[in-house]
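Open the model in your viewer and keep the selection panel at hand. This tour goes stop by stop.

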Amino acid sequence: MRKKWQEIPLHVMLLPGVLLTLIFSYIPIAGIAIAFQKFQPAKGIFHSKWVGWDNFQYMLDMPNFASVLWNTVFIAVMKIVAGLVIPIVVALLLNEVAGAWFKRTVQTIIYFPHFLSWVILGGIMIDVLSPANGIVNQFLGLFGIEPIFFLGNENWFPFTLVATDTWKHFGYSTIIYLAALTGIDQHLYEAATVDGAGRWKQTLYVTLPGLLPIITLMTVLSLGNVLNAGFEQVFNLYSPMVYSTGDIIDTLVYRIGMVESQYGVATAVGLFKSVISFGLIVLSNRLASRYAGYRVF
Amino acid sequence: MQKLTAGRKTFLITNYVVLTIAALLCILPLINVLAISFSSKSAAAAGFVKLWPVDFTLSSYKYALSKHEFLDGFVVSLKRVALGYAVNMLLTILTAYPLSKERSSLRSRHYYAWFFIVTMLFNGGLIPTYMTIKEAGLLDSIWSLVLPGAVPVFNVILLMNFFRELPKEIEEAAFMDGAGHWRVLWRIYCPLSLPAIATITLFTLVAHWNSWFDGLIYMNSTSNYPLQSYLQTIIVTSDLNAVASNDLLVTEVSDRTFKAAQVFLAALPVLVVYPFLQKFFMKGLVMGSVKG
């Protein structure tokens, strides 16, 4: 048993991280007080006027608040569903590939977009999806389809977001399922073969049940993202033309706060989102630890 | 080797076709824009460029590299990556080591752990964070891009779990010989954890290179913008005058080819480290992706 003073170096090691976290994470959390103030930067947080729940009332009275909330949930849920289904399917397909070279090449290519920023991909998307001379519309034109303004048409915009987000991430998301696939006991496949099960039956009765725990876990954890529609993507792709269907909570907070300088209202809207997200994350982690034995720390 | 049934054959062929299409969908948009960046203004405007440059020219690249905003941004980004990486890595190691200890060695481990976990679950949000940075006097300083994310809790967990897997006997022996925690950390834990550290290194480098939003809001002067923040302002706002009309090259460069060239110059560093990154995907990071 080591003595008390031997703990001291450990506390010293933690000190810099604790201090920086205190300053840059905990002070902003305390700064949430702004949500209950008519905050004026010149007066600071200690001398600005307290207004109770006025900022939240203002938020609820905004004509576009309900539609922004709906856009956020709609876009986020569609992304979650596509982001679960497509990687699982692609992982299963990759798992059936016998040629190592082909498999590795496909993996190398489909993982790549994950590592580019939405600024770069925004630039690429704006170009390829352009209705004037973008390659996507040129391709659709071969089938006699009229040019579609994917990023400027309010009906198309949410689906364009989901499609391009899935495009960026599906490859990388297959990794986790591919890893789970290698963990399935090979004896199960041998046993299934002996019992006369073909590849399809093996997939149905061995592979899918083997993946079930990780699929359950990913589904449950994605619950925490129901209000995360993807700020970086939307911010780089949207325009006033598509605000009606494409504006989300995070972009609204940005415009109210950083553009219009209504700091109190912006903080209130942000807090509204953080509180609900926090509840969802706690709930999802509870469920995950109960049904999938998942633990963070 | 058993003989393939007709159904199996059909499936395999379909499978190869589907996966090939998936891979092409991922790469063709990038190749198309790359081809545009090497094409002439008129070919790009007419929509002639598909997957290969038409009227091959390097003018767009020459033009991009002649713009001081672009080069300034590049330098700011390099500084930010170097500084940000050094701070992140140091703090990740220093934080992960004590947290990897059992409660018998660090009785307050639990409180420390929750102190860091809370920041993953809840944050002050855009405005309070911005005000904090402003009050700290960090606006327009490169530290505003480095310090707020100085402790990447996610990476700390990754490294902490790696530390925990190390055999305890080596450590015990070192303690017996009179080594302290510092020596054990630098001389035993770090060298043994190189795979994990290398993984975190690459992901940290790419994350810092790709960040753009913090630069956009914390920098008042555009000359302090990192490359991605600068690109954000020119790519996303469709400014038709982005290419100055009094420029010599203007006859060969259009807004479209110019943007395409800049996009690729900014993606180039990621492309360079990508082969190294890829080595680490399957190993080690699986646990990390679960936590995502």
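**Stop one: a span in chain A**

Select residues 132-151 of chain A: the chain there is 35% helix and 0% strand, and the end C-alpha atoms sit 12 Å apart. Helices are DSSP runs of H or I with at least four residues, strands are runs of E with at least two, and both are numbered from the N terminus. This is a predicted model, where local features need pLDDT of at least 70, side-chain atom pairs count only at pLDDT 80 or more, and totals for chains, interfaces and linings use all residues. Residues are numbered from 1 along each chain as its sequence is written, while chains are lettered from A and ligands numbered from 1 in the order in which they are written.

Now select residues 68-94 of chain A. This span is 100% helix and 0% strand, with its end C-alpha atoms 38 Å apart.

Both spans carry a UniProt label. The unreviewed entry gives "transmembrane region" at residues 12-36, 68-94, 106-126, 132-151, 204-227 and 263-283 of chain A. Such annotations may be inferred rather than shown by experiment, and the positions follow the numbering used here, with feature names shortened.

**Stop two: all of chain A**

Show chain A as a cartoon. Its secondary structure comes to 14 helices and 2 strands. The radius of gyration, taken over C-alpha atoms, is 24 Å. Along the principal axes, its C-alpha atoms fill a box of roughly 75 × 75 × 30 Å.

Color by pLDDT, the predictor's confidence in each residue from 0 to 100. The mean for chain A is 93, and 98% of its residues reach 70 or more.

**Stop three: the contact**

Select the residues where the chains meet. Chain A brings 67 residues and chain B 75. Two residues are in contact if their C-beta atoms, placed from the backbone, lie within 7 Å. Which helix of chain A gives the most to the side that touches chain B? Helix α1 (residues 8-30) of chain A does, with 14 residues.

**Stop four: chain B**

Finish on chain B. It has 14 helices and 0 strands. Of contacts between its residues at least 6 apart in sequence, 70% join residues at least 24 apart.

Notes: Rg over C-alpha atoms; globule rule 2.2 N^0.38 Å.
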